Number of protein chains: 2
Amino acid sequence: MTLRPPHPSAQILAFDIFGTVVDWHSGVAREVQTILPDVDGDAFALAWRAGYQPAMRRVMSGEVGWTLIDDLHRMILDGLLAQFGLGGLSETQKQHLNKAWHRLDPWPDVVAGLTRLKQKHTLCTLSNGNIGLLTNMAKRGGLPWDCILSAEVFRAYKPAPATYLGVAKVFDLPPEQVMLVAAHQDDLAAARACGLQTVYIERPNEFGAARPKDVSPDAANSLHAKDLLALADQLGC
Amino acid sequence: MTLRPPHPSAQILAFDIFGTVVDWHSGVAREVQTILPDVDGDAFALAWRAGYQPAMRRVMSGEVGWTLIDDLHRMILDGLLAQFGLGGLSETQKQHLNKAWHRLDPWPDVVAGLTRLKQKHTLCTLSNGNIGLLTNMAKRGGLPWDCILSAEVFRAYKPAPATYLGVAKVFDLPPEQVMLVAAHQDDLAAARACGLQTVYIERPNEFGAARPKDVSPDAANSLHAKDLLALADQLGC
């Protein structure tokens, strides 16, 4: 039997970013299409993102030293450009394209939802993205974070416990006073194993509208919400 | 001959906090006086702050392992309570008093000044204070940072070059695109030695109105401003 407070809440809301807060698929596809009009932007975006977990695993296994996501994105990009037979981009164009991940748009509910949630909670990011990337993205998109936390602060990528527990430690609070907000059940499960509360957010179009993803609830989460406005309703904000 | 652009500016403005952005002296004195009415709050605040540099030096010399400012503040507080002959506080009261440093008020120009500066620049903290302290302070005081950077991120205290250069590295920019804003010439000199631009802000009452401090300009700084509103004027914000 799981004991859980009747009205789940927490002082700190920590947000996953790629997929949960911003729409990486359409943002990256759009930028790829602009700079490489003959390429299938949808397929390129999916391939770029698919390289992300294996690249982080190479860092976390110790095979590669500590590396920021900007640099992992660039390594994956260089591989894809070769694979797609695209040799024509200049170094400046590659650097610009690589920072497409800094220029992703938030989902339509995000700014209004965060603004409401911020009234009663401290809002931070908890992303594998680096601090500069997250700050540029927030400034461009008007995301009102109280604090930007990243794998870069903890020198470990999610799902390492050091990241989830690191948020609690930063705020000198017990883990149950931190609630992870994410659109990925594996991220949430890892956070729960560290004693955090968890909220699942439905983002059925994370991989594009043509490829809807399963957004079924998992009863293990403290809360399940369609989007951040629904979460604000549930938390009474 | 120093070569400097005719209109100094920078993409990133990095702010020192204690003394520059918030009034630690009157904030700490007030909280001490509230919890310990028989104590001279002014003297206690000055003594607490005076313990800060020696405590950080012990960390930076390697004599003590990496320690957050919250914990250094507590070590200094415990020493002062013994020295002032104050044995009567409970553990809860001591913890609360120690977090007086999270509850400091900004100087009157700060919120309006930062709001203007934020239109054209990315604003971050660069303080020896820990991330949780700086976040709580910002939330309470309405300080609109784009990003909270701290000694805690770089695992080094100012004036270590790793802190000033760390800001440039976070944003993937050359050091001259970062401008340190501070009310302390030694902090600014250390930042300049790393290639940052620098602004001196006058805070004559940092140590209390009864103890005005020298706020003379140093021509080595890129800019000198009475307060953050004057800085916004100078930067055309």
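Where in chain B is the place of Pro159(B)? The first legend takes that up; all the views come from a predicted model.

View 1. Pro159(B) sits in the loop between helix H8 (151-154) and helix H9 (161-170) of chain B. Arg155(B) has 13 other C-beta atoms within 10 Å, so it is partly exposed.

**View 2. The loop between H8 and H9 in chain A.** Here a cis peptide bond links Lys158(A) to Pro159(A), with omega about 10°. Pro159(A) is in the loop between helix H8 (151-154) and H9 of chain A, and Arg155(A) belongs to the loop between H8 and H9 too. Arg155(A) isn't a glycine, yet its phi is positive, about 55°. Because it has 13 C-beta neighbours inside 10 Å, Arg155(A) counts as partly exposed.

**View 3. Helix H9 of chain A and what follows.** H9(A) covers residues 161-170, and its buried residues are Thr163(A), Tyr164(A), Gly166(A), Val167(A), Ala168(A) and Val170(A). Just past H9(A), Asp172(A) adopts a positive phi of about 55°.

**View 4. Leu180(B) in the largest nonpolar core.** This core has 138 residues, and the ones touching the most other members are Ala14(A), Val167(A), Ala14(B), Val167(B) and Leu180(B). Zoom in on Leu180(B) and skip its neighbours within four places in sequence: its contacts include Ala14(B), Leu126(B), Tyr164(B), Leu188(B) and Leu196(B). Asp16(B), Asp187(B) and Thr198(B) are also among them.

**View 5. Helices H4 and H5 of chain B crossing.** The axes of H4(B) (residues 69-83) and H5(B) (residues 91-98) come within 10 Å and cross at roughly 120°. The two helices are therefore oblique to each other, and their crossing is right-handed. From H4(B), Asp70(B), His73(B), Arg74(B) and Leu77(B) meet Lys94(B), Leu97(B) and Asn98(B) of H5(B). By type, the residues of this contact split into two nonpolar, two polar and three charged.

**View 6. Chain B against chain A.** Each side has its share: 14 residues from chain B and 14 residues from chain A make up the contact. On the chain B side, helix H7 (131-141) and strand E3 (147-150) each supply at least two residues. H7(B) gives the largest share of that side, five residues. The chain B side divides into seven nonpolar, three polar and four charged residues.

Conventions: Residues are numbered from 1 along each chain as its sequence is written. Chains are lettered from A and ligands numbered from 1 in the order in which they are written. This is a predicted model: local features need pLDDT of at least 70, side-chain atom pairs count only at pLDDT 80 or more; totals for chains, interfaces and linings use all residues. Two residues are in contact if their C-beta atoms, placed from the backbone, lie within 7 Å. Helices (H or I, at least four residues) and strands (E, at least two) are DSSP runs, numbered from the N terminus. Ala, Val, Leu, Ile, Met, Phe, Trp, Tyr, Cys and Pro count as nonpolar, Asp, Glu, Lys and Arg as charged, and the others, Gly among them, as polar. A residue is buried if 20 or more other C-beta atoms lie within 10 Å of its own, exposed if 12 or fewer, and partly exposed in between; C-beta atoms are placed from the backbone. Axes are lines fitted to C-alpha atoms, for helices over the stretch in contact, and angles run from 0 to 180 degrees between N-to-C directions. Angles under 35 degrees count as roughly parallel, over 145 as roughly antiparallel, 65 to 115 as roughly perpendicular and the rest as oblique. A crossing is left-handed if the near helix is turned anticlockwise from the far one by less than a right angle, and right-handed if clockwise. A nonpolar core is a set of buried Ala, Val, Leu, Ile, Met, Phe, Trp, Tyr and Cys residues joined through C-beta atoms within 7 Å.
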